[in-house]
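I wanted to go through this model entry by entry and keep a record of what I looked up. The notes follow in the order in which I took them.

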Amino acid sequence: MNQAIYTYASTISTFQDTKREDHIMQTKVKLIKKETVAEGTMAFHFAKPQGFEFRAGQFADYTLIDPPETDAEGNTRGFSLVQAPFEPDLVAATRMRDTAFKRVLKDLPIGTELKLDAPYGDFTLHKTASTPAVFIIGGIGVTPVRSMIAQASHDKTGHKITLLHASRTPADLPLKADFERLAKDNPNFIYVMVVESPTSDWRGERGRVTAEMVKKYVPDLSKPIYYLSGPEGMVKAMRQLLTDLEVNEDNIRTEEFTGY
Ligand SMILES: Cc1cc2nc3c(=O)[nH]c(=O)nc-3n(C[C@H](O)[C@H](O)[C@H](O)COP(=O)(O)OP(=O)(O)OC[C@H]3O[C@@H](n4cnc5c(N)ncnc54)[C@H](O)[C@@H]3O)c2cc1C
């Protein structure tokens, strides 16, 4: 059963700098917009319930109400909150694979209600702005990162932020337009796209994320806090790459998208 993870219930952060009790809300949310944010990848916008508060990087559990079909994976999924707390909507973005949940979600009429149980998680940006943040992310793992970088840019926190975002093709990179806009607006944010099968006119990095690539964009490897999120395989591979570079494990924070 793909019930989202409830180990975060009555969350008190394990990180001292984010320590705070979250107020979990169980409510219904209305679908207000659907859009494509990369090839085979859609974002779903929901109206934010009054009084709903969360921290950039957290996630929500969404449950379909009386769906026309279901399968063994069930009617609930956890999705990171893509928009930042200062933005108007609750947004979930996901790869549209062939499961009953995603088939139903894709075809939901605007105005449909889902159950929401949120916020959960401690995958949030560190507070000390003089410590740089480096995100090394595969594909859809970028959803909580969008929220963190948007909020830090809005608040002008001054964090130096680098995002290495890997995908198969340029068209496959979720939320590319958002990150390009954020990089234009925030001089402290560097957006590096890393694509395995680029087009001939591609101006980003080519291939997979390598140790050399990390060293190229992170001049002092000992300084930043590193953030890894997404499907388990990618998170594990990137953690290995960082430990091979002798990055202190205390400086690595991860969020695994279980269920992929
Ligand atoms: C804290 C947390 C945050 C999360 N945040 C997000 C988020 O923001 N966005 C998100 O998408 N998920 C997120 N997840 C994962 C999410 O909850 C689902 O588990 C995930 O989207 C998988 O969905 P699914 O079970 O419908 O199966 P999927 O893996 O989407 O689909 C399975 C089906 O697709 C087929 N398939 C598998 N791989 C491929 C492929 N490469 N191409 C085509 N078909 C394939 C399989 O054969 C199978 O039939 C998060 C999970 C956690 C725990």
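I looked up aspartate 66 and found it exposed, with a relative accessible area of 71%; I use exposed for over 50% relative accessible area, buried for under 20% and partly exposed for what falls in between, with a 1.4 Å probe and protein chains only. Aspartate 66 sits in the loop between β3 and β4 (76-80), and its phi is positive, about 45°, although the residue is not a glycine. Strands here are DSSP runs of E of at least two residues and helices are runs of H or I of at least four, both numbered from the N terminus.

Before going further I noted that this is a predicted model, in which local features need pLDDT of at least 70 and side-chain atom pairs count only at pLDDT 80 or more, while totals for chains, interfaces and linings use all residues. Residues are numbered from 1 along each chain as its sequence is written, and side-chain values use heavy atoms, with hydrogens and water left out.

I then turned to lysine 156, in the loop between α2 (143-154) and β8, where phi is near 50°, again a positive value in a residue other than glycine. Lysine 156 counts as exposed, at 72% relative accessibility.

For the aromatic rings I took Phe, Tyr and Trp (its six-membered ring) as paired if their centres lie within 6.5 Å, calling planes under 30 degrees apart stacked, over 60 edge-to-face and the rest tilted. By this rule I have ten aromatic pairs. One of them joins phenylalanine 59 and tyrosine 120, a tilted pair with 6.0 Å from centre to centre and 40° between the planes. Phenylalanine 59 belongs to strand β3 (residues 59-64) and tyrosine 120 to strand β6 (residues 113-120), so this pair ties together parts that are 61 residues apart in sequence. Both partners came out as buried: phenylalanine 59 has a relative accessible area of 9%, and tyrosine 120 is at 3% relative accessibility. I also recorded one aromatic cluster, formed by Phe46, Tyr62, Phe79 and Phe101.

Which residues lie nearest the centre of the second largest pocket? I found Gly138, Gly139, Ala166, Ser167 and Met234 there, among 22 lining residues in total. A pocket here is an open set of points on a 1 Å grid over the protein atoms alone, where a 1.4 Å probe fits, with protein on both sides within 12 Å along at least five of seven lines, and lining residues have an atom within 4 Å of a point. The lining draws at least three residues from each of domain 1 and domain 2, and its largest share, four residues, comes from α5. I sorted the lining into nine nonpolar, six polar and seven charged residues, where Asp, Glu, Lys and Arg count as charged, Ala, Val, Leu, Ile, Met, Phe, Trp, Tyr, Cys and Pro as nonpolar, and the others, Gly among them, as polar.

Ser167 came up again with aspartate 172, which, leaving aside neighbours within four places in sequence, is in contact with Ala38, Glu39, Arg95 and Ser167. Aspartate 172 is placed in the loop between β8 (161-167) and α3 (176-185), and at 8% relative accessibility this residue counts as buried.

My last entry is valine 194, in strand β9 (residues 189-195), which is buried with a relative accessible area of 0%. Not counting residues up to four places away in sequence, valine 194 touches His165, Ala166, Ser167, Glu205, Gly207, Arg208, Val209 and Met213.

How values were computed
Contact = heavy atoms within 4.5 Å. Domains from an automatic or database assignment.
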